[in-house]
Amino acid sequence: MLTKSIQSLFLLLIIFISSSQHANAYPLSTQSRWIIDESTNERVKLVCGNWAGHLQPMIPEGLDRRPLKELVGELVKNKFNCVRLTYAIYMWTRYEHDIVNVTFSHLDAPEVVDGITKYNPSILKMTHIEAFDAVVNELGNQNVKVLLDNHVSEPKWCCHDDDENGFFFDRHFDPQEWIQGLTLAAQHFKAHHAIVAMSLRNELHGPRQNLKDWYKYMSQAALAIHKANPNVLVVISGLNYDTELQFLRKKPMNINLGQKMVFETHLYSWSGIGTLKLKEIWSKQPLNRICANSIRGLDQRAGFLTTGVNAVPLIMTEFGFDQTGSTVEDNRFLTCLQTYLVGRDFDFGLWAFHGSYYVREDKVQLDETFGLVDATWHKLRYPNFTDKFQLLQRKNQDPTSKLSNSYIMYHPLTGKCAQVNNNNQLEIGSCENQKRWTYDGSKLLLSDTKKCLTASGEGLPVSVSDACHRSNSSWRTASLSKLHLATFDQYGKQLCLHMDSNSSVVVTSKCICINDDSLCLDDPQSQWFQLVATNV
């Protein structure tokens with residue numbers, strides 16, 4: 001009897017593990033602005049790395065650097081649960097039978113072939129589609145979800161306004177061939193449970209852009225994918241390099257995809273909002289102003305889709321920065337965008353996972369400075385990545401949670417969260433062990449206590465105390481960015497929370513550029529503290 005009981009328990013355990021793995025991958029659906037797992041009805045936050053496979057070799061990058069299993073393991077190790085895997089339409093419609101090794105013979109890249117021969121030799125004998133199968137299968141084996149992204153039609157680097165890949169009826173953008181390719185991809189991957197979403201097209205651009213064709217062909221393509229594979233989310237992009245969706249305010253997309261419609265948007269330091277399209281603006285205007293304007297513009301052009309009675313999910317499927325850390329403008333842009341992504345708990349796709357390209361614009365084994373991994377594909381390019389991205393990669397909101405909202409105090413410049421040490425002083429550290437707070441617009445109370453955040457004076461550590469009636473225990477958000485937490489000392493001097501790079505202890509100091517002064521170009525990021533709502 002005991003043996004049979006053990007066998008029954010073992011069988012139940014296997015069934016449970018199997019069903020859990022299945023539920024962890026597929027299928028997904030939408031509920032208002034959230035993406036949910038249909039089997040559990042719980043929210044799934046997609047934390048994606050972009051992995052390019054749309055260039056001339058038409059296979060995902062990096063197979064010349066490490067074994068495929070290790071490449072996927074690098075994603076998992078760095079806490080990505082998703083890949084936005086890019087491909088070219090012509091791979092399906094014109095080159096579906098071409099062999100990888102033959103394609104490389106026309107690209108004059110013998111060192112790439114040598115690398116693939118060393119680490120993934122079977123890939124060279126496959127068709128391009130079979131190579132994608134191998135990558136998708138390994139991603140699925142390691143429980144990484146896939147957003148299959150149509151990046152271009154003609155396999156090449158994207159994008160330029162004159163690349164003839166940008167909009168319908170460009171030389172390499174025949175609408176019918178495009179829809180045919182999307183349909184073939186949807187049908188082919190229907191049995192691959194790792195594929196949870198398919199996008200229509202990356203970054204529409206160029207002089208042919210117009211709304212009439214956008215509504216017509218994007219609707220046709222979305223319905224074609226949904227018909228071919230009704231289980232996948234259908235991800236829809238906007239105009240002008242996927243920075244504009246504001247036209248949907250007046251005229252929503254009137255098609256029925258069940259609970260599978262998702263939109264996407266992109267932003268980089270040079271993308272700009274409206275007329276602000278110079279990368280240098282991040283160092284030549286007051287940072288509180290440019291951050292506030294960028295976030296407001298992002299909401300006006302795309303973020304509005306996640307609000308109101310007809311809210312739908314919006315994924316920031318591309319943003320990125322120079323991960324060498326050497327670009328001031330990119331660093332400032334990233335910290336500002338972090339506050340948006342964390343504050344609204346967006347699903348996202350970081351450009352890029354890959355550290356190099358086989359061949360990009362005729363350059364062999366070109367380095368990708370925006371890559372998560374370096375050119376060897378063995379090390380993180382950005383040494384502070386783990387800290388900087390820890391709260392972005394965490395699910396902070398779940399519509400099914402029964403917990404009430406509290407706040408995490410977040411320091412976006414470092415990516416760390418506020419804690420209280422043994423001396424009752426505020427310090428920053430891992431977001432895994434952060435304290436929770438309640439805030440009524442004035443008092444910041446440590447959750448489940450009657451202690452509140454209290455300033456001691458300029459240059460002195462901030463602590464939690466019982467003296468909640470004093471003016472130095474009253475806090476408000478300040479500056480255009482709303483990212484400063486300010487109070488007044490006993491002499492009426494305004495002070496802001498401040499993080500000194502030489503210590504983990506938070507102090508108060510003179511507020512930096514909280515007034516909208518065009519001449520104030522000092523960097524306020526050390527004083528940016530954000531209250532991030534969470535019910536998880």
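Okay, serine 526: it's buried, at a relative accessible area of 15%, where buried means under 20%, exposed over 50%, and partly exposed in between, with a 1.4 Å probe and protein chains only. Serine 526 sits in the loop between β23 (506–510) and β24 (530–534). On the naming, helices (H or I, at least four residues) and strands (E, at least two) are DSSP runs, numbered from the N terminus. If you skip neighbours within four places in sequence, serine 526 is in contact with His411, Leu413, His498, Met499 and Ile512, contact being heavy atoms within 4.5 Å.

Quick caveats before I go on. This is a predicted model, so local features need pLDDT of at least 70 and side-chain atom pairs count only at pLDDT 80 or more, while totals for chains, interfaces and linings use all residues. Residues are numbered from 1 along each chain as its sequence is written, and side-chain values use heavy atoms, with hydrogens and water left out.

Now the barrel. 8 strands close up in the order β3-β4-β5-β6-β7-β8-β9-β10, with parallel pairing; two strands pair if DSSP finds at least two bridges between them. Neighbouring strands of this sheet are turned by 30° against each other on average, direction ignored. For angles, axes are lines fitted to C-alpha atoms, for helices over the stretch in contact, and values run from 0 to 180 degrees between N-to-C directions.

Zooming in, β4 (residues 82–88) and β5 (residues 145–152) pair in the parallel sense over 7 bridges. Tyrosine 87 stands opposite asparagine 150 in β5. Helix α7 (residues 175–188) packs on the sheet, touching β4, β5 and β6 (195–199), and its direction makes about 180° with that of β6.

Which peptide bonds are cis? One runs from cysteine 158 to cysteine 159, with omega near 15°, and cysteine 159 is in the loop between β5 and α7. Another goes from tryptophan 351 to alanine 352, omega near 10°, with alanine 352 in the loop between β10 (348–350) and β11 (356–360).

On phi: aspartate 345 isn't a glycine, yet has a positive phi of about 50°. You'll find aspartate 345 in the loop between α11 (328–343) and β10, and it's buried at a relative accessible area of 1%. Serine 479, also not a glycine, has a positive phi of about 80°. That serine 479 lies in the loop between β20 (476–478) and β21 (484–488), and it is buried at 10% relative accessible area.

The structure holds 3 cavities of 30 Å³ or more. On a 1 Å grid over the protein atoms alone, a cavity is a set of points where a 1.4 Å probe fits but cannot get out; a pocket is an open set with protein on both sides within 12 Å along at least five of seven lines; lining residues have an atom within 4 Å of a point. Points are joined across faces, edges and corners, and volume is the space filled by probe spheres set on them.

The second largest cavity holds about 50 Å³, and its lining includes Ser479, Leu480, Arg289 and Asp516.

And the second largest pocket? What's its volume? About 480 Å³. It has 20 lining residues, and closest to its centre are Pro252, Met261, Asn310, Ala311 and Val312.
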